Amino acid sequence: MLFVDCKMVDFLRGRRRMRVSVCKPPCSFWFLLLFGVGGLVLFIHLQDLSDMVLQQAPGVKFRGTTQSRQCSQFSEVVGSISARVNQRSEESDVDPISPMQLPDSQWKRQAATPGSREHDPGSQRVTKRHRKLLKTGPVLRPHTNSSLPSSRRLSDVQDSRRRIVREVCGKYRSNISRTITPHHVSRIYVEDRHKLLYCEVPKAGCSNWKRVLMVLAGVANSTREINHVAVHYDNHLKRLDSFDRQGITKRLETYTKVLFIREPMERLVSAFRDKFESPNSYYHPVFGKPIISKYRVNASQTALKTGSGVTFREFIHYLLDVHRPVGMDIHWEAANQLCSPCHLHYDFIGKVETLEEDANFLLRKIGAPENLTYPSFKDGNPKAARTSTQITQHYFSQLNASERQRAYDFYYMDYLMFNYSKPYKDLY
């Protein structure tokens, strides 16, 4: 009986040893597998580790550590790599287009950059019911670092502006023909000496830009020497559509293409004040008379005869009427229609809100004379105050919510393409 008990004990010990021996290979296997994966990950990210070595102080060397320390560091490396992969994966799924903000109490409107009224960073979505034109997608906003040197900061701003235009064109104008016609270049002025193409957007500093182009071309020595008549009526500058197809193509491919734009509502108010509130022998009879005739009830014979005294509300009714009594005009035509940025891919996009800084940065880039800077004097109606945000709001306060919305819709692509924020909270 004792012999049987001893045999039983030996048998149980044997099974226990077998069980231990069976357990050991899996543990070794997982350890080797973990070690192999760690080696592979560390090999893939060898460049990151080499960068860490380069950042060490002179004479400092990596030293070996205990196995637990190595495992801890390995876990940190794996966690860091995983976070990077997840971040890049999320970023790759982001829709790059920046849809306009829509009014909603649950969305916080970001504060606009003082003076520029551009979009600020945000992360909001729009729903399909608000606007059929838009597709839902996260908001992309330009980011600039004010601590960078001025030239680097302005270069980054230009990169951001070009990227937004390119992305908006790719999303909303991807089906347009890429053929460039004379119409697409009809508003572009040519300055051959400095290889510059400037697209004219009226009420966005175009008069002074023409003066700058004339000085660059050698027509005048100073912008101060050039009066209003010489700027607009003496034909000192050539337009791009005056060249043959080969000349147009060559210049588009090799010259610096420049576009300056302005907040659309401010530009519209500026045009109205200039053309309808001041004496004008062209706009009053050509535009004023049909506008008053169609949109004013019980108009006086004097108003019908002269076309003077058009109100801002009457002007807006004309602008938004699909059956206008008189055609459009370049002074209030949308900038994206005048300059065709989806066709021409401008190298430089300036804004009136940062006009002198942008313009002078561009002049230095193209090698303009050091003494040539963008002039700051007012061209037309010098005694009148410049159209500002406050003045614009005063004029639009004369409209009801529906009229403001329709005016915003008219310039919607300019707001989207050039990254301006909505001027009123009740707009959608």
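This is a predicted model: local features need pLDDT of at least 70, side-chain atom pairs count only at pLDDT 80 or more; totals for chains, interfaces and linings use all residues.
1. The protein chain has 17 helices and five strands. Of its 428 residues, 42% are buried. The accessible surface of the protein chain comes to about 24900 Å², and carbon and sulfur atoms hold 55% of that.

2. Next, the disulfides. A search of the whole structure turns up two disulfides. As a reminder, a disulfide is a covalent bond between the sulfur atoms of two cysteines. Counting bonded cysteines along the chain, the pattern is 1-4, 2-3.

3. Take Cys169 and Cys342. Their sulfur atoms sit 2.0 Å apart in a disulfide, and the link is left-handed, with -85 degrees about the S-S bond. This pair ties together distant parts of the chain: Cys169 belongs to helix 4 (residues 150-172) and Cys342 to helix 13 (residues 341-344), 173 residues apart. Both Cys169 and Cys342 are buried.

4. The other pair is Cys199 and Cys339, with sulfur atoms 1.9 Å apart. Here the S-S bond has -95 degrees about it, and the link of Cys199 and Cys339 is again left-handed.

5. Now for strand 5 (residues 348-351). Which way do its residues point? Phe348 and Gly350 point one way, Ile349 and Lys351 the other way, and all are buried. Strand 5 pairs with strand 4 (residues 256-261) in the parallel sense, over four bridges. Within this part of the model, Phe260 stands opposite Gly350.

6. In soluble globular proteins, nonpolar side chains tend to be buried together. The largest nonpolar core here has 64 residues, and the members that touch the most others are Leu240, Phe312, Phe315, Tyr318, Trp332, Phe396 and Phe418. A second, separate core has 28 residues, including Trp209, Ile226, Phe361 and Tyr374.

7. What does Tyr318 contact once its neighbours within four places in sequence are left aside? Among its partners are Phe287, Ile291, Tyr295, Pro325, Val326, Met328 and Trp332. Arg324 and Asp329 are also in contact with Tyr318, as is Gly327.

8. Last, have a look at Thr387, in the loop between helix 14 (355-365) and helix 15 (389-396). Thr387 counts as buried because its relative accessibility is 10%, and the cut-off for buried is under 20%. Which side chain makes a polar contact with the side chain of Thr387? That is Arg273, at 2.9 Å. Not counting residues up to four places away in sequence, Thr387 touches Arg262, Glu266, Val269, Ser270, Arg273 and Thr392. Arg273 therefore turns up both in the polar contact and in the list of residues touched, as contact here means heavy atoms within 4.5 Å.

Note on methods:
Residues are numbered from 1 along each chain as its sequence is written. Side-chain values use heavy atoms; hydrogens and water are left out. Helices (H or I, at least four residues) and strands (E, at least two) are DSSP runs, numbered from the N terminus. Buried means under 20% relative accessible area, exposed over 50%, partly exposed in between (1.4 Å probe, protein chains only). Accessible areas come from the Shrake-Rupley method with a 1.4 Å probe; for residues, only the protein chains shown count as cover. A polar contact is a pair of N or O atoms within 3.5 Å; within protein, one must be able to donate a hydrogen and the other to accept it, and residues adjacent in sequence count only if both atoms are side-chain atoms. A disulfide is a pair of cysteine sulfur atoms within 2.5 Å. Two strands pair if DSSP finds at least two bridges between them. A nonpolar core is a set of buried Ala, Val, Leu, Ile, Met, Phe, Trp, Tyr and Cys residues joined through side-chain atoms within 4.5 Å.
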